[in-house]
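Here is a brief report on a protein model.

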Protein chains: 2
Amino acid sequence: MSDTTRFLLNETDLPRQWYNILADSPVPLPPVLHPVTKEPVTPDFLSVLFPMELILQEVSTDRYIDIPEEVREIYKLYRPTPLVRARRLEKMLGTPAHIYYKNESVSPVGSHKANTAIPQAFYNKVAGTKAITTETGAGQWGAALSMACNFFDIALEVYMVKVSYEQKPYRRIFMETYGAQVYASPTDRTQFGRALLEQDPSNRGSLGIAISEAVEAAATSGGSKKYSLGSVLNHVLLHQTVIGEEALKQMDMAGEYPDVVIGCVGGGSNFGGIALPFLRENLRNGQRTRLLAVEPTAAPSLTKGIYTYDYGDTARMAPIVKMHTLGHTFLPPGIHAGGLRYHGMAPLISALYEAGYLEARAVPQVATFEAARLFTQAEGFLPAPESAHAIRAAIDEALDAKAKGEKRVILFNLSGHGHFDMMAYQEYLAGRLEDYAYPAEAVAQAMQSLPQVETEVTAAD
Amino acid sequence: MSDTTRFLLNETDLPRQWYNILADSPVPLPPVLHPVTKEPVTPDFLSVLFPMELILQEVSTDRYIDIPEEVREIYKLYRPTPLVRARRLEKMLGTPAHIYYKNESVSPVGSHKANTAIPQAFYNKVAGTKAITTETGAGQWGAALSMACNFFDIALEVYMVKVSYEQKPYRRIFMETYGAQVYASPTDRTQFGRALLEQDPSNRGSLGIAISEAVEAAATSGGSKKYSLGSVLNHVLLHQTVIGEEALKQMDMAGEYPDVVIGCVGGGSNFGGIALPFLRENLRNGQRTRLLAVEPTAAPSLTKGIYTYDYGDTARMAPIVKMHTLGHTFLPPGIHAGGLRYHGMAPLISALYEAGYLEARAVPQVATFEAARLFTQAEGFLPAPESAHAIRAAIDEALDAKAKGEKRVILFNLSGHGHFDMMAYQEYLAGRLEDYAYPAEAVAQAMQSLPQVETEVTAAD
């Protein structure tokens, strides 16, 4: 065991391939359905939204997929990211546990989202795409895609949830500095947006609505615009596996192996990114690492949602996928972790969780900010409210190990920094943060809007 | 020459000593004078404000001073910092120059200020200090000292320039998250602040005023509080030399040696930190690197100020030092680079500049933000407005090399990120930023307030 604090890889250790769990998963993924016909979708349908290379990655069962050199060159601006032993946090907790974190907040945009934004922009560039549409909630994803599109000279339209657009001007300006066009959603630029504004001009938007607008803008562009999604899909989780692949090498440098790997989950991409390479080691190499997804009690799609077919967006324009969901009409309470306010969950994560390969836990908002502040005071770095969910669980694991007097090696993903979330910290410091009980009634109501999928469709292959 | 992008040192390469230019400087420093008697100050006078170890460092002529292990342990949270070859920026400029930058923005607080905040808090801790006062303008220094005091369990009072306190709530909350008490200066907590508010209740403060308040709060505390300064003083520049020491090793890894080393200057600490180890190589090992300090045209203390004795603060409570100054009553125009809005300059930097060992250049605000945006779009990372001054000069050097068709190796210090300065970027993007002509009249008026130092005092040794 090393006495090092930060375990740094050289550029030559930057992974050359992404890892595709579909090659090893014992759980086949049910097919994706067309939102209108409810029949399995064809690549043709998806090609309205995505370049072919990403569609192929979406369905590939190759174990490893080469990372293009053009993508690796840009990854090198910030990757490999550090693995850090949180020695000061351990000491503060008085725990015998060893706590490691992978610091994805060091990317130029401050989060792991860059890991998929860069290849998505690249594959679009290769396919000749001139413009992309996307949505963003708190703005982490929008900022990442803004940077990536800037690198590849692609125009970008960002539909930003109106409440965030108004409350988080910093992230909007950040995106604009990279050259993106940012619109407060609902907008009058789409049919769906106009219809909503007609019903209620003061509609402040939601992630589901913003997705619908971005999808509509691309789907009705006559082929001139593609669409890009920052989480949920298989190819997004695929790109994020650089996190876990690096972490495996770095844990090796540290001379330890994690007993538990932790990530926060909204759509599932940063958790998938760090956990899936460790799941491979569980499945193929006899490791027994627990893989723990942490979600907010306000939007607990894994721990309270059901595993069923649902739409990915509010307007029912996105494909229907089988996933853990709270119902596509469910609007989560206004917690500050905007990136975790999503009704569904990546189909891959949902299927693996359902089959028992992953664990999940929901944590309340105030305890999450307590963990964030403790981490900041111990380690110096101020985490994003989303990432703070992983920290909460990591601390709880460390305290549990302390109570039981056992050594435990804990690894969590620090998916992003909180520099654009300071107003949330102010609310916390002022004692004005609320905890939200599980919104059972709202979920029950949303569950009634689930699509009627006639027959239980069986696995694709 | 390497094809690497980021040159990373291991923790074992973290410097064990700071470099003290006073051991090699051919230019002796004139003595520091008491603000009232105008006689050279005694350590007794300084000990009201500073712990003895820092006073000894202030006057030491030892070439190297050991970095305490407790400080190195905390440095390891973010040091060594990366040296980065800005290949994408070079390409965008079409320059034959090689551009390297030292990325100090990766510290938990987002700037180089942590490098001196940590040892200052440590030496205070060792001396038994229970509370520290300081001032902050834009908030970079305040955040760094907040983190450091938190690590060493010392209470911190931050006097934050009122206009920044109101316009930059994010940085204030950042400091509060570490546990600091932040006050909008002028406050009613000091005699000086109360007098100013009596004259003008709407006084929005300045860095000079905030320094006066912080100094008064410590000096009148009956020994219960010490004071800490984030720039200007010898011991601050000393601590910052970790930047240049690491950069020397990293340039070696890159197989190159810089023709020019560039840093922005307000008080002079980040520039000194990167440049002084290279000056040692010039003085002792026959290197001929140009060392270029870059200041805003709105506060051009090196290029337009005069080299004379002046007060460090507005209320004339701080010692009188010989430095480049625009007059201690000069209030720089409201540029967004708050950290560069200071009337004076580190005595060390001033003396070396006066003697021809350093170069200086003033750059206007709009061109500086143009450089910042270009850098962001090329390299991904969004710089602080202060650091953008160094980027402007680096780009100009690269373009000059291009015009002359010559290879030039350029190294600049990216002293901090701009995540808390997005409103400034918004002003720039909206075309609302102003350039400020050199405020000649205001400076001429301020020059009349220079202290009357009876005789030209000669060098201390």
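## Charges over rings

In this predicted model, the charged end of R280(A) lies over the ring of Y19(A), 4.6 Å from the ring centre. The table sets out both.

| Charged residue | Ring | Distance to ring centre |
|---|---|---|
| R280(A) | Y19(A) | 4.6 Å |

Over all chains, the structure holds 31 aromatic pairs. Y101(A), F375(A) and F412(A) are linked by ring pairs into a cluster.

## The core and F412(A)

The largest nonpolar core has 222 residues. Those with the most contacts inside it are I118(A), I262(A), F412(A), I118(B), I262(B) and F412(B).

What does F412(A) touch, leaving out residues up to four places away in sequence? Its contacts include both ring partners from the cluster, Y101(A) and F375(A). I262(A) is touched too. Also among the contacts are I99(A), Y100(A), K102(A), I274(A), A390(A), I391(A) and A394(A).

## L83(A)

L83(A) is placed in strand β4 of chain A, residues 83–85. Is L83(A) buried or exposed? L83(A) is buried, with a relative accessible area of 0%; the cut-off for buried is under 20%.

Neighbours within four places aside, L83(A) is in contact with T5(A), R6(A), F7(A), Y100(A), Y101(A), K102(A), Q250(A), M251(A) and L411(A). Y100(A), Y101(A) and K102(A) are also touched by F412(A). L83(A) and A254(A) are 171 residues apart in sequence, yet their C-alpha atoms are 9.2 Å apart in space.

## Helix α9 of chain B

Helix α9(B) spans residues 191–199. Which of its residues are buried? They are F192(B), G193(B) and L196(B). Seen down the helix axis, these buried residues fall within an arc of 100°, so they line one face of α9(B). The face turned away from the buried side carries the exposed residues Q191(B) and E198(B). The cover over the buried residues of α9(B) includes α10 of chain B, residues 207–219.

## How the chains relate

Two copies of a chain are related by a rotation about an axis and a shift along it. Here, a rotation of 180° with 0.0 Å of shift along its axis superposes chain B on chain A, with an RMSD of 0.0 Å. That is the relation of a two-fold axis. In chain B, the C-alpha nearest the axis belongs to H419(B), 3.2 Å away from it.

Of the interface residues of chain B, 100% are also interface residues in chain A, so the copies meet through the same surface.

How values were computed
Residues numbered from 1 in each chain as written. Chains lettered and ligands numbered in written order. Predicted model: local features only at pLDDT ≥ 70, side-chain atom pairs only at ≥ 80, totals over all residues. Heavy atoms only, no water. Phe/Tyr/Trp six-rings, centres within 6.5 Å; stacked < 30°, edge-to-face > 60°. Lys NZ or Arg CZ within 6 Å of the ring centre and 35° of its normal. Least-squares fit on C-alpha atoms with pLDDT ≥ 70 in both. Contact = heavy atoms within 4.5 Å. Buried < 20%, exposed > 50% of the residue type's maximum accessible area, 1.4 Å probe, protein only. Helix = DSSP H or I, 4+ residues; strand = E, 2+ residues; numbered from the N terminus. Arc of directions from axis to C-beta. Core = buried A, V, L, I, M, F, W, Y, C linked by side-chain atoms within 4.5 Å.
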